[in-house]
Amino acid sequence: RSSLIAIDMAEAAKRRREETLNSLEAYLYRMRDLIDSADESNPFFKCSKPDERTALEREVSQTLSWMHEDGDSATLADFRAKKAALECVIL
């Protein structure tokens, strides 16, 4: 019985990690799309400064590289920390 509980807990942790990874990845692509669409209807361009866009672009690029290099071995906390770092650049 305890082994079933352990398996359930491991599966739940794996699901949470995958959900957090997917959430971070989706967030990165949304941010990249904001940066890439430089038309005047883009509200991000209307209310951001060039240096803010550059900082966000750099952070997105670094995080995407990190995901490709180290994402397979990253923990749930790692993914959350990366997303928080991105959110700090935006805010």
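**Helix packing, a buried glutamate and aromatic pairs**

Phenylalanine 79 has a relative accessibility of 0% and therefore counts as buried (buried is under 20% relative accessible area, exposed over 50%, partly exposed in between, with a 1.4 Å probe and protein chains only). This is a predicted model, in which local features need pLDDT of at least 70 and side-chain atom pairs count only at pLDDT 80 or more, while totals for chains, interfaces and linings use all residues. Residues are numbered from 1 along each chain as its sequence is written, and side-chain values use heavy atoms, with hydrogens and water left out.

**Helix 1**

- Helix 1 covers residues 2-36 (helices are DSSP runs of H or I with at least four residues, numbered from the N terminus).
- Its 35 residues should span 51 Å at 1.5 Å a residue, and the end C-alpha atoms are 51 Å apart, which agrees (the expected span is 1.5 Å times one less than the number of residues).
- The buried residues of helix 1 are Ala12, Arg17, Thr20, Leu21, Leu24, Tyr27, Leu28, Met31 and Ile35.
- Helix 2 (43-47), helix 3 (50-70) and helix 4 (76-90) are among the elements that cover these buried residues.

**Glutamate 59**

- Glutamate 59 belongs to helix 3.
- Although buried, glutamate 59 has no salt bridge (a side-chain nitrogen of Lys or Arg within 4 Å of a carboxyl oxygen of Asp or Glu).
- Lysine 82 is the nearest side chain of opposite charge, 5.8 Å away from glutamate 59 (Lys and Arg count as positive, Asp and Glu as negative; His and the chain ends are not counted).
- Leaving aside residues up to four places away in sequence, glutamate 59 touches Ala85, Leu86 and Val89 (contact means heavy atoms within 4.5 Å).

**Aromatic pairs**

- The count comes to 2 aromatic pairs (rings of Phe, Tyr and Trp, the last by its six-membered ring, with centres within 6.5 Å; planes under 30 degrees apart are stacked, over 60 edge-to-face, the rest tilted).
- Phenylalanine 44 and phenylalanine 45 pair edge-to-face, at 6.1 Å centre to centre and 90° between the planes.
- Phenylalanine 44 is buried, with a relative accessible area of 15%, whereas phenylalanine 45 is partly exposed at 23% relative accessibility.
- Tryptophan 66 and phenylalanine 79 also pair edge-to-face, at 5.8 Å centre to centre and 75° between the planes.
- This pair links distant parts of the chain, with tryptophan 66 in helix 3 and phenylalanine 79 in helix 4, 13 residues apart.
- Tryptophan 66 counts as buried because its relative accessibility is 15%.

**Charges over rings**

- Lysine 82 lies over the face of tryptophan 66, 4.9 Å from the ring centre (NZ of Lys or CZ of Arg within 6 Å of the ring centre and within 35 degrees of the ring normal).
- Lysine 83 lies over the face of tyrosine 27, 5.0 Å from the ring centre.

Methods: Helices (H or I, at least four residues) and strands (E, at least two) are DSSP runs, numbered from the N terminus.
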